[in-house]
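Reader: I have a sequence and a structure to go through. Please take my questions one at a time.

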Amino acid sequence: MPDLLLELFSEEIPARMQAKAADDLRRMVTDKLVAEGLVYEGAKAFATPRRLALTVHGIPQRQSDLKEERRGPRVGGPDAAIQGFLKATGLARIEDAKIQTDPKKGDFYIALIEKPGRATIDVLAEILPVIIRTFPWPKSMRWGERSAKSGSLSWVRPLHSIIATFGPETEEPDVVKFAVDGIETGQTTFGHRFMAPAAISVRRFEDYEAKLKAAKVVLDPQARKDIILEDAKELAFAQGLDLVEDQVLADEVAGLVEWPVALMGSFEKEYLSIPDEVIRATIRNNQKCFVVRDPKTGKLANKFILTANIEATDGGKVIISGNERVIRARLSDAKFFYETDLKTKLESRLPKFEQIVFHEKLGTQAERIKRIERLAAEIAPLVGADVEKAKRAAHLAKADLLTEVVGEFPELQGLMGKYYAQAQGEDASVAAASEEHYKPQGPADRVPTDPVSVAVALADKIDTLVGFWTIDEKPTGSKDPYALRRAALGVIRILLEQGRRLSLTTILEWSIALHIMRGSEARFENIVEAMRDPTRGSDFLRKRGTTSSGDQLPALIRDMISFFADRLKVQLRDQGARHDLVDAVFSLGGQDDLLQVVRRVDALGKFLDTDDGKNLLAGTKRASNILAIEEKKDKRTFDGAPDVGLYALLEEKALAKAIDQVKSEAGAAVQKEDFAAAMSAMAKLRPAVDAFFDKVKVNDDEPKVRENRLKLLNEIRAATRAVADFSKIEG
Amino acid sequence: MTERLGEFLASWRPRFALIPCPYADTVPRFQNPLASPILPMDALPDHMRPERSFQGFILALQRFWAEQGCVILQPYDMEMGAGTFHPATTLRALGPKRWNAAYVQPSRRPKDGRYGENPNRMQHYYQFQVIMKPSPPNLQDLYLKSLAAIGIDSSVHDIRFVEDDWESPTLGAWGLGWECWCDGMEVSQFTYFQQVAGVECAPVAGELTYGLERLAMYVQGVDRVYDLNFNGREGADKVTYGDVFLQAEQEYSRHNFEYADTAMLFEQFRMAEDACKKYLAAGWKEGGNQKEHLMALPAYDQCIKASHVFNLLDARGVISVTERQSYIMRVRELAKACGEAWVHTEAGRAV
């Protein structure tokens, strides 16, 4: 069966867009083929800086013919219906339709519509230009003469030529003829921009790929990446060094060259006095070069590996020396920045933060640092950290934002703070917190472990969350400009992974108090005290001009806790745990100790995996359903203790007894925070519940008995609430 | 061209041109560059060769682009942060008329001054700017040929087009293109203007900006800008870039950072802003079927002025973070209004 070859040849496509573009091209073309009834055997797409290419093989030569019977109006039906039928089916006269007899409903017209399949090449000529015109580039542009008129083609960079051929392996393929914005399809492409710029005529994928290779273009990005990494490793190895592998950089570089040639350059050893991370950031970010390390010391060596796009006629001498010049100049700047930074103590940079606005409504960075300092000091005892160290760490943690190196390489924030703190002789925990308090920065990042870092990390994140919450800048949908979800998830991960128990409500209150204190002389303790009175607390918030849920203190805290609950659910879902159980636990109210919540969820999950758990859940749900119906019917609730004197059946008495026993046992276990024991106690309820539903008719004819039995059902629901709100559990 | 905050205005591209409109028959026509011979460098005396002298280097570029049909303009006679501010680029990028031009533009970035002590940072340097509207299909090839014309041989140098989009949402202006790298060094910027002053570019103009000192340093093989050979002579006749500009760098750094009269500058900003608005308001002429503007260029001069004065104030450190944004917005408002006026002038409007 025939194959399709498509190439879109353009000016340089940004490296970061190539992989997705290749994938989009494959997906769009193959989806469209399938939608046209053309099932193919395989497809693969490629990208280089100057071209997107796609091969689809094993496509049928033609679409198959379609036959369809369409049922029409009844014979002798109204003329309008018959005319409509003729129009819809394309029949010339009603006599062309068949008549089908239906013994019950009479005779109907049937049209036999035959739609002959089209030649695939014609289908391609129709779908490909549409795909090109609607291609989803993240950013695209117009160019040249045609851009004077509206409707001109938009592409990532100017598009120069299109190859589209279709045909069986053994024959000369045909060009799929179409034109997009004046560019006619053909069989011509071009080789490497500098080494083989001449036009190349191709037939199908096999000779296309081979001819490109001969013209110094490696079509497959993975192959280019492999070449880069292998050659780089070899160059390093030859010098007794190790390549610092960097997949992201290798991908990017593979998108910058069509013919990768790895070359090694060096820089003066004096630059090795700069921290390795700074050297690497300099060389990697600015120059897209790899660094190498000395396996003996584990430190960087004074070499780097660049990837050129040509085999230079001088073997790369000029290219290496040019790159060395640039890297030398960059490292010289970095060294200067680093040494300049070292001359200033971190704390003497702090006054400058008074001029830097963190957020218009949240004040300056200096105010923020003060709040974090105080909050970290309050949190410190709860996480086993030294209060003075936590304060000092929070005091210095942001200072490196004002250093030259961080100004140049923002991704080194925190790390540089640590180096500078170490250099000025700070305590090791204090220095480490500069770097650690930003963690975790993503799902793959580790969480801080040193208690001082934990205290500052929690304070930093909580301050951010509370601040934006009080000014009503909460994440909505996909918008989360202040990365508040990440901050909340960070808090959750720290507490869970470090096994730290604390009341979120308390910490949120502290943080809110610190935000309220802004600019006032009030004492922290007084404000915290005042906030215990919800009216006064809400009043404080109103003065900040907050709106919506922020206008009342308890509502604000509830809202934030439920935000944490949502993040926890996402986190548990990502781990494959049952997130509905989180709701079942939070729904009990008063749950603000995340570690406890997770332990409870864990025990609950295990319980629900047992038969006892499943049946108890089913029984509880049944009780709830019956109650819901009857409560609606009677327009009342069935709270209150059942009357022992009204129990008529053994099963009723047994259930009442079981409920009492379970309530006290489970309650005691929960008190001791032994959730597993609470669940085992709960299991004892199951046989009684099962027996009750088996033998007892709830809606007894005697109203008093009925009411009493409904009250008993309500007791089941109440008893299970010792561990969770079963109504929130799915299944 | 991703802007760093500190260079925001300095690197900002203005949108409206001040170059007097040429008579219709002098509007340059794009010519097929392949038909034009490339300057035979061997015929040049040594001291004029682009790899020997800074001036020879500039002349080679001018000669090359003249061969491509560009009008070779002289620098605009106002202080500006980048060659893009020249009305020949900003204003001329708007409107449907053909426009091919090249020029050197002294660029002033007061904050970049280093008292002549940094080997490659200066508060005053040169850009070489090329604008071709509509962008010709072979603009990349032309650019590479221009590198060959200044002695950069693509068989031994690694020349790359690395993504670099230019965008200024506050200006309603953006373009896509690349930083052009030579052996790992950014030597030029290459942009296809898409929108300027909120107006779609129709047709799109291609813009090239060469960092002249940086390229010349590379070609001459010197590490310090002040060591560039300016005139290509040797011995007693040799004049270096430092002979010409070192003292100026020292004096202007002192001026920009320490002594520039801020009271005067605040006043100048206000005056330029007022004048710009006044000229814009006075320039509208109602007549015939379309609105016509008669003073877009003088108004735009005041916009350029305001922008440079802001850069000086910024270098003096007297503008706070919040004020900064508002100054930038004020300049942007002027630029937008100038663009609006320009598209109602003879050179800026549709035929």
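Reader: Which helices do the buried residues of helix 22 of chain A pack against?
Author: This is a predicted model. Helix 22 of chain A covers residues 611–634, and its buried residues include A:Leu616, A:Leu617, A:Ile626 and A:Leu627. Also buried in helix 22 of chain A are, among others, A:Glu630 and A:Glu631. The buried residues of helix 22 pack against helix 21 (594–608), helix 24 (675–683), helix 25 (685–695) and helix 26 (703–720) of chain A.

Reader: How far does helix 22 of chain A reach from its first C-alpha to its last?
Author: The helix has 24 residues, and at 1.5 Å a residue a span of 34 Å is expected. The span in the model is close to that, at 34 Å.

Reader: Where is A:Glu673, and is it buried, partly exposed or exposed?
Author: A:Glu673 is in the loop between helix 23 (650–671) and helix 24 of chain A. It is not a glycine, yet its phi is positive, about 60 degrees. Its relative accessibility is 37%, so A:Glu673 counts as partly exposed.

Reader: Which elements of chain A do the buried residues of helix 3 of chain A pack against?
Author: Helix 3 of chain A (residues 120–133) has 14 residues and reaches 20 Å, close to the 20 Å expected. Its buried residues include A:Val123, A:Leu124, A:Ile127 and A:Leu128. The buried residues of this helix pack against strand 1 (3–10), helix 1 (15–35), strand 7 (159–167) and strand 9 (179–180) of chain A.

Reader: The structure holds 35 aromatic pairs over all chains. Why is the pair of A:Phe135 and A:Trp137 called tilted?
Author: A pair of aromatic rings is described by the distance of the centres and the angle of the planes. Planes under 30 degrees apart count as stacked and those over 60 as edge-to-face, with the rest as tilted. The centres of A:Phe135 and A:Trp137 are 5.1 Å apart and their planes stand at 55 degrees, so the pair is tilted.

Reader: How are the rings of A:Phe468 and A:Tyr482 arranged?
Author: Their centres are 3.9 Å apart, with 15 degrees between the planes. A:Phe468 lies in helix 14 (residues 451–470) of chain A and A:Tyr482 in the loop between helix 14 and helix 15 (484–497), so the pair ties together parts that are 14 residues apart in sequence. The arrangement of the two rings is stacked.

Reader: Which of these two is buried and which is partly exposed?
Author: The cut-off for buried is under 20% relative accessible area. A:Phe468 has 2%, so it is buried. A:Tyr482 has 31%, so the partly exposed residue is A:Tyr482.

Reader: What is the phi of A:Ala483?
Author: A:Ala483 lies in the loop between helix 14 and helix 15 of chain A. At 26% relative accessibility it counts as partly exposed. Its phi is positive, in a residue other than glycine, and is near 55 degrees.

Reader: Over which ring does the charged end of B:Arg92 sit?
Author: A charge counts as sitting over a ring only within 6 Å of the ring centre and within 35 degrees of the ring normal. The charged end of B:Arg92 is 4.2 Å from the centre of the ring in question, that of B:Trp99.

Reader: How much area is buried between chain A and chain B?
Author: In the contact, 41 residues of chain A meet 41 residues of chain B. On the chain A side, A:Arg142, A:Phe194 and A:Arg325 lose the most area, together 19% of what that side buries. Carbon and sulfur atoms give 51% of the total, which is about 3,300 Å².

Notes: Residues are numbered from 1 along each chain as its sequence is written. Chains are lettered from A and ligands numbered from 1 in the order in which they are written. This is a predicted model: local features need pLDDT of at least 70, side-chain atom pairs count only at pLDDT 80 or more; totals for chains, interfaces and linings use all residues. Side-chain values use heavy atoms; hydrogens and water are left out. Helices (H or I, at least four residues) and strands (E, at least two) are DSSP runs, numbered from the N terminus. The expected span of a helix is 1.5 Å times one less than its number of residues. Buried means under 20% relative accessible area, exposed over 50%, partly exposed in between (1.4 Å probe, protein chains only). Contact means heavy atoms within 4.5 Å. Rings of Phe, Tyr and Trp (its six-membered ring) pair if their centres lie within 6.5 Å; planes under 30 degrees apart count as stacked, over 60 as edge-to-face and the rest as tilted. Buried area is the accessible area (1.4 Å probe) that two parts lose on being put together, summed over both.
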